[in-house]
Amino acid sequence: MFSYLNVCMLSVAGLFTLLPPVPVPQPPTLRGAEVPGKAGQQLELSCTSSGGHPPPQLTWYNGTEAFTGRHVNQQERGGRVELDLILRRLTKWDNGMNLTCRASQPFPEITLSRDSWTVLQVHYPPSVSVTTPSVRVVEGVTAELTCLVESNPPATISWTRPSRPTSLIGNTEQNIFRIPRTSRQDAGIYQCTADNGLQPVAVGTVTLEVMYPPFINPSMDDKVTALHDDDDFSLNCLVEGNPKPKVTWRRKGTKLYWKNPLRFNRVRYDVEGTYQCVGTSDGFRQQTKDVFVDVVADPLPSRINWIWRNNYGLETELDNSDFRIVTTRRNQEMTSSLNIPNVAVKDSGSYICETTNMFGSAKRDMHLEVKDSTPNLVIITSIAAGVVLVATVAVILIVIAKKKGWICKHQLDDSFDLSAPRPMPPVPKYVYKTGTIDSGVEDLQELQEMYGTLKPRPPPRIEKKWEAVGLSYSGLVHSTSLPPYSTEEE
């Protein structure tokens, strides 16, 4: 081995002087990590080593894994060696990365490597995670709402309620919000907001559910009145609670239960009594409220009002000053009548009868239409005057015609024409017996007035039955089949 070294030294002695290895005097210098990087941006780190022989080889390590290829760029200038590390895009996972730059020489048995290291700082916006998105507590105990926030630098955490812009009353310890002695009004959605100056701001949501026993609405009356014979009467009980309570009705002192609302199809007097609204929820005692149902007859109203609505929709309450209003009471009935004196067209419109008692109101509309009678009177008067005028003219014309002989004379002449006498009727039997007409001169005059015709006269009146009185024609005898009629003068 000694001869081999001598040979080597001799072989190179004529070219240059062989120097022994010189270790690197100090660890490499790092630049670029003084200012924290930001997530999403690029970061360049520089490692520089000077001195030592032969020049050192620089290498960047992430822990024990070396960076190679496109991440590094090495340069040598005047005995200085520089190696740049390029991180293209930082993420929050790069925060806390342990970076080491190592300077090593070819003779590890003779020279030791020198290292410089740094911890990478990366700033990134906050992120929120909620481990318990829904918190359930019983009313009166303390509730804790928790938000886990991750960010660099540390974020400021605030708690709000979206439904209430006012500030919250509670103890805030960064990611924990405590509500002592919770009430049912505290139930709802809460938000934790984390902000460290980097966008976007992180928001987490926690829902608080407060359990409380059944609570019956106090607005329900202790006593209600029901109308006898009412077809539909109901009682509705409003009960709050969490969990949602079951609501039923029962008659006090019995085990009879009904669903809510309590309904009666027909109200009788046996319905009257005390009923209980019962609210039950799991984990809580039941709550009850007593209501007394008083059954009464329909009371009469104190008064009946009359309202007039004209054709333009304007309403006026009527009284006895201009109208005659008569209201009467009788047993369980009340009647009101409205008299309108000297009714005119202006009184047209709707008349409303309205009344109210403790169970409600009722009204009835009646429409009155008054027409003007003046045009009809004029028409009737004109027609009557025209008829009178025509009748008067007709009478005057008839009188003049008679005086002039224009009418009636020809008819009279024709009536005395005996050129074609009609056959004479047979003489009655009583004429043959006496030889004369017993009826006397009056009968002869009557025959002459009949213009030559002989009309039989009835026989002398004698005491006979009523059927025999009259002409001696059997067809003219009164029939007994006619209905009875009155003989008294009307």
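A disulfide is defined here as a pair of cysteine sulfur atoms within 2.5 Å. The model is predicted, so local features need pLDDT of at least 70 and side-chain atom pairs count only at pLDDT 80 or more, whereas totals for chains, interfaces and linings use all residues. Residues are numbered from 1 along each chain as its sequence is written, and side-chain values use heavy atoms, with hydrogens and water left out.

**View 1. The disulfide of Cys47 and Cys101.** The sulfur atoms of Cys47 and Cys101 lie 1.7 Å apart. The torsion about this S-S bond is about -90°, so the disulfide is left-handed. Distant parts of the chain are linked by the pair, 54 residues apart: Cys47 belongs to strand 3 (residues 43-50) and Cys101 to strand 8 (residues 98-104). Strands (E, at least two residues) and helices (H or I, at least four) are DSSP runs, numbered from the N terminus. Cys47 is buried, with a relative accessible area of 0%, and Cys101 counts as buried at 0% relative accessibility. Buried means under 20% relative accessible area, exposed over 50%, and partly exposed in between (1.4 Å probe, protein chains only).

**View 2. The disulfide of Cys147 and Cys192.** The S to S distance between Cys147 and Cys192 is 1.7 Å. This link is left-handed, with -50° about the S-S bond. Cys147 is located in the loop between strand 12 (143-146) and strand 13 (148-152) and Cys192 in strand 17 (residues 188-195), so the bond ties together parts that are 45 residues apart in sequence. Cys147 and Cys192 are both buried.

**View 3. The disulfide of Cys237 and Cys277.** Cys237 is joined to Cys277 with an S to S distance of 1.9 Å. Because the torsion about the S-S bond is about -90°, this disulfide is left-handed. The pair connects distant parts of the chain, 40 residues apart, with Cys237 in the loop between strand 20 (233-235) and strand 21 and Cys277 in strand 25 (residues 273-280). Cys237 is buried at a relative accessible area of 3%, and Cys277 counts as buried at 0%. The count comes to 3 disulfides. When the bonded cysteines of the protein are numbered in sequence order, the pairing reads 1-2, 3-4, 5-6.

**View 4. The largest nonpolar core.** This core has 19 residues, and those with the most contacts inside it are Phe233, Leu235, Cys237, Trp249, Cys277 and Val293. At least two residues are supplied by each of strand 19 (223-227), strand 20, strand 22 (246-251), strand 24 (262-264), strand 25 and strand 26 (287-296). Strand 26 gives the most, with 3 residues. A nonpolar core is a set of buried Ala, Val, Leu, Ile, Met, Phe, Trp, Tyr and Cys residues joined through side-chain atoms within 4.5 Å. Not counting residues up to four places away in sequence, Leu235 touches Val224, Trp249, Asn260, Pro261, Leu262, Val291 and Val293. Contact means heavy atoms within 4.5 Å.

**View 5. Aromatic pairs.** The structure holds 5 such pairs. One of them is formed by Phe177 and Tyr190 and is tilted, at 6.1 Å centre to centre and 40° between the planes. Phe177 lies in strand 16 (residues 176-179) and Tyr190 in strand 17, so parts that are 13 residues apart in sequence are tied together. Phe177 is buried, with a relative accessible area of 2%, and Tyr190 counts as buried at 2% relative accessibility. Elsewhere, ring pairs link Phe233, Trp258, Phe264 and Tyr275 into a cluster. Rings of Phe, Tyr and Trp (its six-membered ring) pair if their centres lie within 6.5 Å; planes under 30 degrees apart count as stacked, over 60 as edge-to-face and the rest as tilted.

**View 6. Arginine charges over aromatic rings.** The charged end of Arg102 sits over the ring of Tyr61, 5.0 Å from the ring centre. Arg184 lies over the face of Phe215, at 5.6 Å from the centre of that ring. A charge sits over a ring if NZ of Lys or CZ of Arg is within 6 Å of the ring centre and within 35 degrees of the ring normal.

**View 7. The surroundings of Asn242.** Asn242 is found in strand 21 (residues 239-242) and counts as buried at 18% relative accessibility. The side chains of Asn242 and Glu209 make a polar contact (3.5 Å). A polar contact is a pair of N or O atoms within 3.5 Å; within protein, one must be able to donate a hydrogen and the other to accept it, and residues adjacent in sequence count only if both atoms are side-chain atoms. Leaving aside neighbours within four places in sequence, Asn242 is in contact with Glu209, Val210, Met211, Tyr212 and Phe284.
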